[in-house]
Amino acid sequence: MTSLLCITIISLTLAGSVYSQVTSTPTPLPAKVIADLGANVTLPCRLFNKDRHSFGSMGIRVKWTKVAENEALNEDVLLSMGFHKKTYGSFVDRAFLEEQDSEDASLLITDISMDDTGRYRCEIINGIEDTVQEIFLEVQGGLTDGVVFPYFPYEGRYSLQFHDAVQACMDQNAAVATYDQLFQAWKDGLDWCNAGWLDDGTVQYPINKPRGPCGGTNSGPGLRSYGVRDRMEHFDVFCFATALKGHFYWLVQPERLTFDEAVQACFDDGAEIAKVGHIYSAWKLEGFDRCDAGWLADGSVRYPISRPRKNCSPTEAAVRLVGFPDKTQKLYGVYCYKDDQ
């Protein structure tokens with residue numbers, strides 16, 4: 001996909017200094033790069049002082065970081081020292097130094113997803129005088145009005161005939177996804193190794209990281225299709241949920257709840273227990289993030305992570321499924337949903 005990049009310098013002052021040497025706290029107004037969803041993008045960073053060794057020298061270190069509002073939650077992207085380079089988390093096999101010349105520390109990120117949006121910091125470190133530059137990456141495109149998510153019920157994987165799949169999505173405040181919606185979700189990074197119904201009666205699944213059990217390693221990334229199937233066969237389903245028209249939230253409680261207690265607690269708060277479509281919409285479209293597992297209306301327990309971190313989906317942003325536990329267990333909290341009045 002051809003990348004359409006637009007680099008906008010936020011201020012006239014920054015325009016003259018975005019590549020300049022910085023020895024103190026970096027400016028809060030970084031350069032801005034705009035990239036299309038699914039494309040490749042280059043975040044510029046250079047060492048201009050020719051009196052020093054290039055960053056390729058063994059004594060020079062280059063570090064790229066994705067910066068969070070709380071710096072304690074910063075995400076390492078790439079670290080380079082001489083010939084040794086290492087990438088981290090969701091950037092493994094996607095982030096590379098361009099190195100077009102001996103002063104070029106620009107970062108190339110491939111297969112851009114919406115989760116890549118954010119502020120990035122480039123540090124060129126030699127132990128004497130350090131260069132720090134910041135760039136904000138904005139990703140355009142994608143399912144701005146909704147989110148695709150894979151779904152299977154309490155009965156387990158591959159338990160839904162087509163008409164069951166339609167009802168299952170409706171029960172979760174969603175509809176069966178179309179081919180175009182699944183295709184766009186795949187371009188946005190969705191990778192799922194279980195086949196599911198689409199609204200046209202086909203069964204497909206999206207693969208971004210080809211591997212043996214998921215269609216083999218010889219086929220490239222893309223949508224794997226079983227074609228149009230007998231609607232009495234059993235598969236999972238891909239659902240599509242639109243933006244919320246209400247408030248999704250974690251209900252603070254003094255103790256953990258059984259499923260029935262969770263339903264009642266939301267009711268007592270003037271709300272309903274949230275559905276799977278609600279949690280996905282809040283996570284994907286609103287950036288909802290909470291590392292607490294909570295009951296949902298289908299009896300599942302899940303939690304949404306928009307900022308990956310240790311013990312909370314460390315490698316990727318995702319809605320994590322704990323499972324469908326015994327509903328009498330008092331081990332979890334609850335997510336509620338309240339319609340706008």
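Mentor: Contact here means heavy atoms within 4.5 Å. This is a predicted model, in which local features need pLDDT of at least 70 and side-chain atom pairs pLDDT 80 or more, whereas totals for chains, interfaces and linings use all residues. Numbering starts from 1 along each chain as its sequence is written, and side-chain values use heavy atoms, without hydrogens or water.

Beyond its neighbours within four places in sequence, Val237 is in contact with Phe149, Pro150, Tyr151, Leu160, Ala165, Cys169, Val176, Gly196 and Trp197.

Helices (H or I, at least four residues) and strands (E, at least two) are DSSP runs numbered from the N terminus. After α2 comes Asn173, with a positive phi near 60°.

Val334 belongs to strand β22 (residues 333–339). Its relative accessibility is 0%, so Val334 counts as buried (under 20%; over 50% is exposed and the range between partly exposed, with a 1.4 Å probe and protein chains only). Setting aside residues up to four places away in sequence, Val334 touches Tyr249, Trp250, Leu251, Leu257, Ala262, Cys266, Ile273, Gly294 and Trp295. Val334 and Val301 are separated by 33 residues in sequence, with their C-alpha atoms 8.5 Å apart.

Aromatic rings pair if their centres lie within 6.5 Å, as stacked (planes under 30 degrees apart), edge-to-face (over 60) or tilted (the rest), Trp counting by its six-membered ring. There are 18 aromatic pairs by this rule. Phe248 and Tyr335 are stacked, because their ring centres are 5.3 Å apart and their planes meet at 10°. This pair links distant parts of the chain, since Phe248 is in strand β17 (residues 246–250) and Tyr335 in strand β22, 87 residues apart. Phe248 is buried because its relative accessibility is 2%, and Tyr335 is buried at 0%. Trp250 and Tyr335 form an edge-to-face pair, with centres 5.0 Å apart and planes at 65°. Trp250 lies in β17 and Tyr335 in β22, so this pair ties together parts 85 residues apart in sequence.
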